[in-house]
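My notes follow the structure.

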Amino acid sequence: MTASFSSGEDSAALVSHRAVVWSPDYLSYRWSADHPMNPTRLELTMSLARSLGTLEGVELLRPAAASDADLLRIHTPAYVEAVKQAGHSTTSGVLGAEAPHGLGTEDNPVFPQMHEASAILAGGSLAAAQEIAAGRTRRAVSIGGGMHHAMPDWASGFCVYNDVAIAVSWLLDNGFDRIAYIDVDAHHGDGVQHAFAHDPRVLTISLHQHPATLWPNTGWSSEVGEGSGEGTAINLPVLPGTVDALWLRGFHAVVPGALAAFRPQIVISQCGVDSHREDPLADLALTVDGQRAAFLAMRDLADRYAEGRWLAVGGGGYGLVRVVPRAWTHLIAAALDREIDTARAVPEAWQERAHALAPSVDLPETMGDGGEVDYLPWDGPGGTPETGIPSVDRALTRIDSAVIATRRACFPLLGLDPEDPRD
């Protein structure tokens with residue numbers, strides 16, 4: 001299959017059609033009863049989107065599981081076979097330090113049908129990529145994807161198969177040669193960066209909590225790609241406690257300039273929401289409002305630089321009831337051009353459903369947290385504003401230090417001036 005690139009929208013049907021990829025089989029990706037990555041978050045997201053009418057008139061695209069040939073684009077034959085055997089063995093759970101291929105650790109305990117559950121997530125992201133490549137849609141979203149930590153022969157960070165890397169690999173073989181991947185998960189997108197570190201056709205950008213403070217302890221600003229891929233890995237590490245306005249200041253100081261220089265044919269977004277201030281596994285301080293602003297920014301950048309081709313997937317996010325369903329409902333709405341006001345009330349029908357699943361959780365009343373998403377644009381080295389509030393000024397200085405370190409590391413390799421805010 002060859003991707004077709006054309007200017008503007010080709011037809012009214014193409015304008016109106018946006019793909020939402022979903023399978024009830026996504027809910028089978030369940031590590032254990034008490035594991036932090038619980039598929040309840042996906043069920044509640046789809047339930048909330050339906051309750052708000054966001055999915056009205058939308059025919060969901062049900063994907064097939066990724067084939068072995070698909071998985072072998074990124075993973076080794078020995079690893080795929082090990083995943084199959086683990087999921088069909090009589091032993092499950094944590095196997096200890098000797099767990100082969102990372103299968104059976106505390107993060108990645110063995111569970112029944114592990115291969116099948118993981119392959120359907122990979123198949124979802126692949127189906128989204130194929131819809132865009134075929135010209136049947138410009139935007140596609142699959143909240144079940146985003147397993148960005150999986151390595152070629154190793155399960156890592158709750159991730160078995162690296163669905164995004166598989167989709168990127170397929171796109172590279174089917175007419176695309178400039179693919180931009182933006183990862184806004186609190187954890188570094190290490191598996192995707194690793195897969196394409198040497199490939200100049202893939203630009204990977206990751207904004208994440210500083211690696212000195214959070215697993216996987218990678219994603220330093222000095223990581224810029226390797227060999228012929230040097231300059232096509234960009235990392236913006238931010239410190240714990242970073243709030244919406246500062247995170248967005250950093251995002252807009254780095255991402256638009258890099259995309260303008262790279263000129264992608266498609267933008268792929270990993271939309272993990274463990275950056276939320278309530279997330280139990282990370283220490284950033286974004287709100288649902290800030291996460292929504294990030295989704296809209298990535299969508300708009302795809303419109304500006306990639307003729308609207310945008311593939312969005314899920315990722316991390318362990319505020320299973322209060323955070324993930326609202327954030328990813330905003331993501332689905334962004335893809336469908338059905339944006340939801342953050343002041344809108346959460347439907348009572350959804351609250352009843354959520355209460356039945358999590359009776360002890362204090363449920364949100366609105367689709368936002370009242371976050372402050374207005375940000376001061378980065379204005380170059382030495383341009384950090386002074387508010388007169390010491391804590392705010394220190395935070396501004398810290399994000400600006402991260403911005404200039406990242407820009408100085410990678411912008412010259414893209415032909416950009418790291419000191420010039422116009423780049």
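Predicted model: local features only at pLDDT ≥ 70, side-chain atom pairs only at ≥ 80, totals over all residues.

**Helix packing**

Residues are numbered from 1 along each chain as its sequence is written, and side-chain values use heavy atoms, without hydrogens or water.

I found that α5 (residues 114-133) and α6 (residues 163-172) pack at about 30°, with their axes 8 Å apart; helices here are DSSP runs of H or I, at least four residues, and strands are E runs of at least two. That angle makes α5 roughly parallel to α6 (under 35 degrees). I listed the contact residues (heavy atoms within 4.5 Å), among them Leu 121 and Leu 126 of α5 and Ile 166 and Trp 170 of α6.

**Aromatic rings**

I counted 7 aromatic pairs (ring centres within 6.5 Å, with planes over 60 degrees apart counted as edge-to-face). Tyr 29 and Trp 31 are edge-to-face, because their centres lie 5.5 Å apart and their planes stand at 75°. Tyr 29 also pairs edge-to-face with Phe 111, at 5.9 Å centre to centre and 80° between the planes. Since Tyr 29 lies in the loop between β1 and α2 and Phe 111 in the loop between α4 and α5, this pair ties together parts 82 residues apart in sequence. Tyr 29 and Phe 111 are both buried (under 20% relative accessible area, 1.4 Å probe, protein chains only).

Note on methods. Axes fitted to C-alpha atoms, helices over the stretch in contact; angles between N-to-C directions. Parallel < 35°, antiparallel > 145°, perpendicular 65-115°, else oblique. Phe/Tyr/Trp six-rings, centres within 6.5 Å; stacked < 30°, edge-to-face > 60°. Buried < 20%, exposed > 50% of the residue type's maximum accessible area, 1.4 Å probe, protein only.
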